[in-house]
Amino acid sequence: MKRFLQLLQENLSEDRLSHSLGVARTAFYLAKKHLPAKKEKAFLAGIAHDIAREWPAERMIAFLKDKGYDITPEDKLNTVVLHAPAGAYFIRDMLRIYDEEIFNAVSRHTLGAVGMTDLDMIIFLADLIEPGRNFAQRQNLLIVSFQDLKRGMLLALENTLEYLTKKNKTVDSRTTLVLNYFREEVAKKDSI
Ligand SMILES: Nc1ncnc2c1ncn2[C@@H]1O[C@H](COP(=O)(O)OP(=O)(O)O)[C@@H](O)[C@H]1O
């Protein structure tokens, strides 16, 4: 436990640590609603999810190469997305938390993925709606996420896509695939 806290403090600035605590608490409450058996796991994944967020690009790349992770040319152009898989490996191998569900949730928290689990969606959404976040759609996203995780994901991905496009930022090519997956999942629910 002491080592866990020490590694968190060593890797995260005060502001990022405060964000991570917000994500952990929000993930706990989202799990209380959607995945009660795993609320402690959601808290743990939430507090550690951004552990590699402040690493320089070279460190993320070297660390992931060492783990045998396949870094694509696209990843090299937008290295920020690598903090998610880098964090997942760090939590597993340095914090020694050998839990595949936490590994996946952390790994998927920036881009999402097709077939995300409830825990994956909880961490993704908690990251966006924790109390420290401040954007126009936050309140609405919070309400929708507590009602329905997949609808929350669809709204979150649409918001992110709009935000990145407006800011002329790179949109990862995997985003369309994930967005289409959630569009279909929500359409299925609507047709019932
Ligand atoms: N779909 C995407 N395509 C490309 N870059 C993205 C995408 N989603 C997020 N990002 C980038 O990753 C950064 C970190 O996002 P995120 O992981 O959600 O936040 P956090 O820093 O809390 O982990 C964003 O500021 C954005 O620049």
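**Helix contacts and the ligand shell**

Guide: Helix α9 passes α10 in a left-handed crossing. Please keep in mind that this is a predicted model.

Visitor: At what angle do α9 and α10 pack?

Guide: The angle is about 150°, and the axes of α9 (residues 138–147) and α10 (residues 149–166) are 6 Å apart. Angles over 145 degrees count as roughly antiparallel, so α9 is roughly antiparallel to α10.

Visitor: Which residues of α9 and α10 meet?

Guide: From α9 come L141, V144, S145 and Q147, and they meet L149, R151, G152, L155, A156 and N159 of α10. By class, the residues of this contact are 5 nonpolar, 4 polar and 1 charged.

Visitor: Now α2 and α8: what is the angle there?

Guide: Helix α2 (residues 14–34) packs with helix α8 (residues 118–129) at about 135°, and their axes are 8 Å apart. That angle makes α2 oblique to α8. The crossing of α2 with α8 is right-handed.

Visitor: How many nonpolar residues does the contact of α2 with α8 have?

Guide: There are 9 nonpolar residues, along with 2 polar and 2 charged ones.

Visitor: A change of topic: which residues come nearest to the ligand?

Guide: Of the 16 residues around the ligand, the nearest are V80, T110, V171, D172 and T175. The shell divides into 5 nonpolar, 6 polar and 5 charged residues.

Visitor: What does UniProt list for residues 12–141?

Guide: An unreviewed UniProt entry gives "domain: HD/PDEase" for residues 12–141. Over that stretch the chain is 62% helix and 0% strand.

Notes
Residues numbered from 1 in each chain as written. Predicted model: local features only at pLDDT ≥ 70, side-chain atom pairs only at ≥ 80, totals over all residues. Axes fitted to C-alpha atoms, helices over the stretch in contact; angles between N-to-C directions. Helix = DSSP H or I, 4+ residues; strand = E, 2+ residues; numbered from the N terminus. Parallel < 35°, antiparallel > 145°, perpendicular 65-115°, else oblique. Left-handed = near helix turned anticlockwise from the far one by under 90°. Contact = placed C-beta atoms within 7 Å. Nonpolar A, V, L, I, M, F, W, Y, C, P; charged D, E, K, R; others polar. Near = placed C-beta within 6 Å. UniProt positions renumbered as here; feature names shortened; annotations may be inferred.
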